[in-house]
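The paragraphs below walk through one chain of a model and then turn to its partner.

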Amino acid sequence: MSTLSVNHLLGIKQLNKADINLIFETADQFKEVINRPIKKVPSLRDITIANLFFENSTRTKLSFELAEKRLSADVINFSSSQSSVKKGETLIDTVNNILSMKVDMVVMRHPNPGAGVFLSKHVDASIINAGDGAHEHPTQALLDSYSIREKLGSVKGKKVVIVGDILHSRVALSNIFALQLQGAQVMVCGPKTLIPKYIDKLGVKVETNLRKALNWCDVANMLRVQNERMDISYFPSTREYTQQFGVDKPLLDSLDKEIVIMHPGPINRGVEITSDVADSKQAIILNQVENGVAIRMAVIYLLASKIKQ
Amino acid sequence: MSQKVLLNAKEVNIILHRLACQLIEKHNDFTNTVLIGLQPRGIFLADRLAKILTEHYNIKNIKLGYLDITFFRDDFRRSGKPLEANTTKIDFLVEDKNIVFIDDVLYTGRSIRAALTAIQSFGRPNEIELLTLIDRRFSRHLPIQPDYRGRQVDVINNEKVVVNWKSEDNEDSVYLIDK
């Protein structure tokens with residue numbers, strides 16, 4: 001019998017290869033479900049899930065909520081901006097109050113790295129990390145790998161470059177772990193100021209020349225410049241960043257091969273990638289969004305099966 | 001563990017032909033009928049019946065689909081059974097069609113109940129019938145009975161009926177096994 005080796009999804013670091021395969025195989029079936037005329041299954045009708053978003057989110061929150069509803073779970077939503085957190089309530093008190101309402105699973109986004117791990121040690125509910133600071137964003141990494149597998153047949157042996165703001169990106173770290181676990185080679189590319197000092201210790205290549213990076217790779221995952229996390233100026237101007245690390249159609253056309261373009265969203269059009277690249281056939285950005293629902297349904301379904309009755 | 005042969009290859013073959021003839025009696029040329037094999041093991045019976053109908057009885061263009069009921073089961077979190085889902089492959093509409101569900105063994109009826117819920121995602125059929133190779137009498141939890149049955153057997157609860165198919169298990173046979 002195959003089940004996940006973990007009771008919580010806190011990060012890719014805690015998963016093994018069999019877990020990822022099981023999630024992907026289950027997501028395949030959910031992808032079929034969400035393409036039916038009636039997109040809902042009754043599996044989780046006795047499960048209550050709380051979406052706790054201590055940080056702004058649009059697509060991740062919507063994607064999780066849709067996944068939960070398509071599994072027939074009861075869903076409650078919480079965002080810190082409209083809550084008693086503003087009055088000084090601690091994380092554990094907030095969560096314990098919510099859990100007193102008999103919640104079985106918590107999907108949490110939090111600005112502090114390790115918030116999910118902390119919570120998993122103090123509460124009984126199953127925790128899914130929907131992004132903790134600049135640490136991990138496991139479901140995003142899973143859906144990225146799943147999208148690569150769907151487009152190129154497999155992740156193993158593929159060369160993936162992650163371009164942009166690596167320093168502030170939880171997507172980058174989770175992607176590095178997930179891709180390496182599945183046998184891909186990973187490179188990071190961006191301004192030196194936005195590449196963490198010891199990232200090569202994770203076994204990734206580091207490149208500051210975008211053209212060289214694109215010539216090397218099969219897939220380019222373009223990250224958003226996270227202006228909201230930048231307390232100092234990491235590069236002279238957005239215009240200069242775009243000239244050095246932005247991808248436009250002439251640049252793609254000048255490569256002697258066709259590479260796959262990914263972006264976890266939201267896109268700053270004209271900064272990381274131009275509109276004609278974002279809307280081109282090489283881009284699988286909208287596939288990523290669709291796969292996000294299937295992957296999140298799979299993760300929730302597999303974790304829910306471990307919740308005791 | 002003791003095992004007893006309920007049906008051998010020859011008997012399975014005779015029964016399959018009889019079931020195919022019964023289907024033809026009701027559904028004629030199958031223009032408005034679809035066969036749906038229930039995952040995981042009902043699909044082998046569905047494949048065989050479709051093959052017999054095509055090759056021996058010259059029925060053309062049989063619509064055959066596979067339906068997975070994993071996400072519609074009522075024992076999620078209740079049983080220790082594997083969670084893995086199988087593939088659903090229904091690339092036609094079932095709206096206003098006559099559906100024949102096909103499964104190898106009818107036991108409690110809960111799988112069929114799940115299948116009745118699952119098929120609603122593909123439209124509103126005109127009619128749904130059930131065909132099973134083995135009907136385990138006296139073990140039903142729900143008011144569900146087959147319209148076409150290969151063999152009815154009386155089996156006590158600690159016995160298991162195992163159906164083998166030549167394409168998958170190298171022989172056509174049905175065994176009764178002491179659990």
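Chain B of this predicted model carries 26 positive and 25 negative side chains, and the centres of these two sets are 3 Å apart. The accessible surface of chain B amounts to about 8,900 Å². Carbon and sulfur atoms hold 47% of that surface.

Next comes the fold. Chain B contains four helices and eight strands. Followed along the sequence, these elements are arranged as β-α-β-α-β-β-α-β-β-β-α-β.

Overall dimensions can be set against a simple rule. A compact globule of 179 residues would have a radius of gyration near 16 Å, and because chain B has 16 Å, the two agree. The C-alpha trace of chain B spans about 45 × 40 × 30 Å along its principal axes.

Packing can be described by burial and by contacts. Of the 179 residues in chain B, 53% count as buried, with under 20% relative accessible area as the cut-off. Among contacts in chain B with a separation of 6 or more, 68% are between residues 24 or more positions apart.

The remaining topic is the interface with chain A. Here 21 residues of chain B are in contact with 26 residues of chain A. Together the two chains bury about 2,100 Å², and 58% of this area is on carbon and sulfur atoms. On the chain B side, the residues that lose the most area to chain A are Phe71(B), Phe76(B) and Arg77(B), which together make up 42% of what that side buries.

Notes:
Residues numbered from 1 in each chain as written. Chains lettered and ligands numbered in written order. Predicted model: local features only at pLDDT ≥ 70, side-chain atom pairs only at ≥ 80, totals over all residues. Heavy atoms only, no water. Helix = DSSP H or I, 4+ residues; strand = E, 2+ residues; numbered from the N terminus. Rg over C-alpha atoms; globule rule 2.2 N^0.38 Å. Buried < 20%, exposed > 50% of the residue type's maximum accessible area, 1.4 Å probe, protein only. Contact = heavy atoms within 4.5 Å. Areas by Shrake-Rupley, 256 points an atom, 1.4 Å probe, with all protein chains shown as cover. Lys, Arg positive; Asp, Glu negative; His and termini not counted. Charge placed at Lys NZ, Arg CZ, Asp CG, Glu CD. Buried area = accessible area lost by both parts, 1.4 Å probe.
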